[in-house]
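Biologist: Could you walk me through reading strands, rings and interfaces in a model like this one?

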Amino acid sequence: MEELDVLLKDILEEDVNTSDRDINNNFLKLKKILVKSNKKRDFWFSFSCIDFKRVVTIAVCSILCAITILISSSSTVRASALNALNGIKTIFVVEGSGNDVKIVQKPADEDYFTISEGYNTAKSDAELGEIIGYKVMYPETLAGFDLECRALHAALWKKLSYDSIPKIRQQLNKAIVNQQEFSKLAGYSPFRFVSGSYKKGNKSIYIYAFPEQFSTPPDCKKAEEIIIGDIKGFWCETIFADYPEKAGEANMSVKPDIEDTSLLYWVNNNVYYTLTSLAGDDFSKEDAVRLASKFQAAQP
Amino acid sequence: MQLNDIVNHCRMGDLECFEELYKLYYNKAYGTAYIISGQKNIAEDIVQEAFIICYRSIKHIKNPQTFNTWFYRIVVRASWRITKKQKNSYVESFSANLDCGDPVKSNEYNPFDLITGKLLIRQKIQTLKLPLKTVLILYYYNDMSVKEISKVLDCFEGTVKSRLFKARKILKKELSSYYEDVGKSLDLMEGEA
């Protein structure tokens, strides 16, 4: 045995002095506690033949069996169960503004979304102007970017629930050019707008033009005032929720990733414009202002 | 009566046999609890709680030969739980022994060095983490083997060995540096003289 071992053994044994311990008296105290607790335990022990755990387990199993039988045999109960299940369906959405945003779960039947549908069109600016009710010019080239296409969109200003979107989306799709279908959606405050996409190499930019009354400035983490020609605009750093896709659509029942993006927005002649690029593109504020100035200069 | 018989009787609820068991194990249980917790009154509580648990659960022991490790597991767990609440381990033990001059057991050391060396080790044991300290106590104070400690602590024998090695290394280092310092200061004193 090493010296350290001897030393440790000595130290630990020296430290404990049990000579002042009255073992008999201590046991008497313990005995009182044990006897007292035994009496209490005896009271409960008298019920132990019932075996509460088993009773509770059997009861729960019986209830579950009854529910299963009811659901499988009764269409009414099945429908109620389905309703109940639908009632608890939730989606993930981003809430908050500026730097204070968070992903929260919402019931899927809560009115929360404004939707839009659109497609590329070969119509000219003039033809589009007649459909949307205001004039927007998309020049063929814009500071080295080439116009790829124009698009016409229809949107609903009234908020919808996630569950109701698929049904109304079909109607809205028809309403893009069909005035009759458009009128049918009057209860949802429909409106139309246009967009143009430009491309230079791998870079793409999109310029949207909305009627001012159907526009809401985005929630910006950081907004910087800029001047486009002689018009005041804002360079906005914001976020968007990137949902995984399911059957070509955003699957909102899955928690999305939060991505940063930037956009430029301004208003001129009651038209609200936004200029943005694809998320993650190298797209500076200076580039955006330069493109917006050229675009604005081309407007009637 | 053999321990196995005592345990068997206790399993049947025999309080007299339990008293015998209590008297057999009290001192070591109290010592273990005291060194872990560092306070007499807490150690007393720990021992009481451990024996209450023991009395209530002893009927579940299948093999009476495993009583020793089973009982110390209860003591160690109760000690850890209560000591963590108190967060004041070993203070009393250290201060209580400050003035305790111990008879010198080896001629290799100056008595003064030995005593202060022990105090130093006591201080260092105080700062050891609970798992290291517990292994040290079970090994040196309770004379348990590595295998038995692994059963008490419900861990691998390798873990016990490693904890024991770590604890000894820390204490050895402390003691060596202390003796080095003492040597230096003695040299200086001689030089000055």
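Modeller: Gladly; we will start with the ground rules and then take the features in turn.

Modeller: This is a predicted model, where local features need pLDDT of at least 70, side-chain atom pairs count only at pLDDT 80 or more, and totals for chains, interfaces and linings use all residues. Residues are numbered from 1 along each chain as its sequence is written, chains are lettered from A and ligands numbered from 1 in the order in which they are written, and side-chain values use heavy atoms, with hydrogens and water left out.

Biologist: Is strand E6 of chain A mostly covered or mostly open?

Modeller: Strands (E, at least two residues) and helices (H or I, at least four) are DSSP runs, numbered from the N terminus. Buried means under 20% relative accessible area, exposed over 50%, and partly exposed in between, with a 1.4 Å probe and protein chains only. Here E6(A), residues 145–156, is mostly covered, with nine of its twelve residues buried.

Biologist: Which way does E4(A) run against E6(A), and how many bridges join them?

Modeller: Two strands pair if DSSP finds at least two bridges between them. E4(A), residues 116–121, runs antiparallel to E6(A), and six bridges join the two. A:Gly118 has A:His153 of E6(A) as its bridge partner. A:His153 also stands opposite A:Phe193 in E8(A). That strand, E8(A), covers residues 190–200 and pairs with E6(A) in the antiparallel sense over ten bridges.

Biologist: Where does E5(A) come in, and what is in the turn of the hairpin?

Modeller: E5(A), residues 141–142, is antiparallel to E6(A), with two bridges between them. One bridge partner in E6(A) is A:Phe145, which faces A:Leu142. The hairpin has two residues between its strands, and A:Ala143 in the turn has a positive phi of about 50°.

Biologist: How many aromatic pairs does a search of the whole structure find?

Modeller: Rings of Phe, Tyr and Trp (its six-membered ring) pair if their centres lie within 6.5 Å; planes under 30 degrees apart count as stacked, over 60 as edge-to-face and the rest as tilted. Over all chains there are 30 such pairs. Among them, A:Trp266 and A:Tyr273 are stacked, at 5.2 Å centre to centre and 15° between the planes. A:Trp266 is buried at a relative accessible area of 1%, and A:Tyr273 is buried at 2%. In chain B, the ring centres of B:Phe51 and B:Phe71 are 4.9 Å apart with planes at 45°, so that pair is tilted. B:Phe51 belongs to helix H3 (residues 40–57) and B:Phe71 to helix H4 (residues 67–86), 20 residues apart in the chain. Both B:Phe51 and B:Phe71 are buried.

Biologist: Which residue lies over the face of A:Phe182?

Modeller: A charge sits over a ring if NZ of Lys or CZ of Arg is within 6 Å of the ring centre and within 35 degrees of the ring normal. A:Arg192 lies over the face of A:Phe182, 4.0 Å from the ring centre. In chain B, B:Lys28 lies over B:Tyr141, at 4.0 Å from the ring centre.

Biologist: What area is buried between chain A and chain B?

Modeller: Buried area is the accessible area (1.4 Å probe) that two parts lose on being put together, summed over both. For these chains the area is about 3,400 Å², with carbon and sulfur atoms giving 62%. A:Leu12, A:Asp15 and A:Phe27 lose the most area in chain A, together 18% of what that side buries.
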